[in-house]
Amino acid sequence: MTVLLGCIADDFTGGTDLAGMLVKAGMRTVQMIGVPQEPIGDDIDAVVIALKSRTTPAAEAIEESLAALRWLQQAGCKQAYFKYCSTFDSTAKGNIGPVAEALMDALGSKFTIACPAFPANNRTIYKGYLFAGDQLLSESGMRNHPLTPMNDASLVRVLQAQVKGKVGLAEYSTVLKGEAAVRERFAALQAEGCNFAVVDALSNDDLMSIGAACADLPLVTAGSGIALGLPQNFRRAGLLADDLVADTLPPTGGLRAVISGSCSIATQGQVAAMRAAHPSFNVDPFELARGSDVVGAALAWAAQHINAGPVLIYATATPEAVKAVQAQLGAEQAGNLVEDAFAAIAKGLVGLGVGQLIVAGGETSGAVVKALGVSGLRIGPEIDPGVPWTVGITRDASARPLALALKSGNFGTPDFFLKAWSRLAS
Ligand code: ADP
């Protein structure tokens, strides 16, 4: 296996975002939850190793990131990509700067970029200042973030405070002139002793020019936007086919089920639409708290209905109903009870022959993925923006393949649970 692009993301959803961008740009991509311990397949162009290193102590973040890099290097990766948030979330001590410098040292590299720009999501950089929509980052909601408040929009200053090396700026007037001008500016900055270039970017065209100018850098540090501009480099070098269909998944077959532990507004509509068309089973948190065998009942019910078509098992409820549950059981306790039940139900459904599973809810997805022993996801076709079909990678080589769609609460159109199946091969 030769991985072309090896990515290290500092959180899971950021990793998913990047993986989705790479697939769209034509690279066959796998997202791993932590450093892989198992074979991940061999027809893969990009690997995203998702860590939880955004707000951990810097020494820990460095250690985990270096372990991820070692894995990516042994997989043959030609370029490393350290992915952080498009709002450059970090504390005064890091972790973006210290992790970037540790990765550069390990790669023997003296120069990289820092570019969190993501114009499609209104994150732009001008004269080194990061904007969130129409506001400077420091005037946006990010100034009140509970973990990583951003009080300075100058990326040069923010990064300089985190690193030993020197930070410079590649200004918009240069970026506008295109790839060659950006390369020249990088060379000039290096000649001045700079190790980092914060790069201005206002549009996807800018990201393409910057991406092209980064072709020879051992390490790129960026938000997910720059992912748009990197695959072209591998194509130009003859390493990536032009006509590659990157989102093809191996067919899984198997029965179909939806699990919903999300109470978000979009999910409520999706659950209503599914209930109108298919058999459904409600998981009642009060029954769980009473110690009833809700998991057993749900699986016995599923066994009766699932051969006839997709089934829905849900705890989704209105805000009033959720409040009533939380008032009696406590919010955390209720959440854990429901998540544990869905984890067991998911395992039971796979035992019944489910090979295509949709899970609604971020926390719920986390619990299900863990229970199923899924350690990575091969990214497939997008159902709605931000929600692709994936096939789970597990440590158990004998496990049957499982297609998974992990849907965050507010994503997806009202018919999401109905239309999703048609995006799968079988
Ligand atoms: P979302 O992506 O919509 O935020 P999550 O799964 O992340 O969904 O979070 C929903 C939380 O609410 C989970 O912890 C889940 O267990 C819990 N939950 C689901 N249904 C109920 C319910 N009826 N009453 C109380 N809590 C619930």
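**Figure 1. Strand β17 contributes four residues to the lining of the second largest pocket, the most of any element.** The model is predicted; local features require pLDDT of at least 70 and side-chain atom pairs pLDDT 80 or more, whereas totals for chains, interfaces and linings use all residues. Residues are numbered from 1 along each chain as its sequence is written, and side-chain values use heavy atoms, with hydrogens and water left out. The second largest pocket holds about 550 Å³ of space. Its lining comprises 24 residues, of which Gly392, Thr394, Ala399, Arg400 and Pro401 are the closest to the centre. Two elements, β16 (374-384) and β17 (387-394), each supply two or more lining residues. Helices (H or I, at least four residues) and strands (E, at least two) are DSSP runs numbered from the N terminus. On a 1 Å grid over the protein atoms alone, a pocket is an open set of points where a 1.4 Å probe fits, with protein on both sides within 12 Å along at least five of seven lines; lining residues have an atom within 4 Å of a point. Grid points are joined across faces, edges and corners, and the volume is the space filled by probe spheres set on the points.

**Figure 2. The largest nonpolar core has 115 residues.** Ile113, Phe186, Ile226, Ile313, Leu349 and Leu357 have the most contacts inside this core. Helix α13 (residues 331-352) gives the most to the core, with six residues. Because domain 1 (5-236) and domain 2 (255-423) both give residues to the core, it lies between them. A nonpolar core is a set of buried Ala, Val, Leu, Ile, Met, Phe, Trp, Tyr and Cys residues joined through side-chain atoms within 4.5 Å. Buried denotes under 20% relative accessible area, exposed over 50%, and partly exposed in between (1.4 Å probe, protein chains only).

**Figure 3. Leucine 357 and its contacts are shown beyond the neighbours within four places in sequence.** The partners of leucine 357 include Ala257, Ile259, Ala346, Leu349, Val368, Leu372 and Trp389; among them are also Leu402, Ala403, Leu404 and Ala405. Contact means heavy atoms within 4.5 Å. A second, separate core of 19 residues includes Val258, Ile358, Trp389 and Ala420.

**Figure 4. The domain assignment gives domain 1 (5-236) and domain 2 (255-423).** The C-alpha centres of the two domains lie 33 Å apart. Domain 1 brings 16 residues to the contact, and domain 2 brings twelve residues. The domain bounds come from an automatic or database domain assignment.

**Figure 5. Helix α3 (residues 96-107) is largely enclosed by the rest of the structure, because nine of its twelve residues are buried.** The buried residues are Ile96, Gly97, Pro98, Val99, Ala100, Glu101, Ala102, Leu103 and Met104. Just after α3, glycine 108 adopts a positive phi of about 65 degrees.

**Figure 6. The loop between β4 (79-83) and α3 contains asparagine 95.** A cis peptide bond, with omega about 10 degrees, joins glycine 94 to asparagine 95. Phenylalanine 88 is found in the loop between β4 and α3; this residue, although not a glycine, has a positive phi of about 55 degrees. With 0% relative accessibility, phenylalanine 88 counts as buried.

**Figure 7. Lysine 127 lies in the loop between β6 (123-126) and β7 (129-132).** Its phi is near 50 degrees, a positive value in a residue other than glycine. Lysine 127 counts as partly exposed, at 43% relative accessibility.
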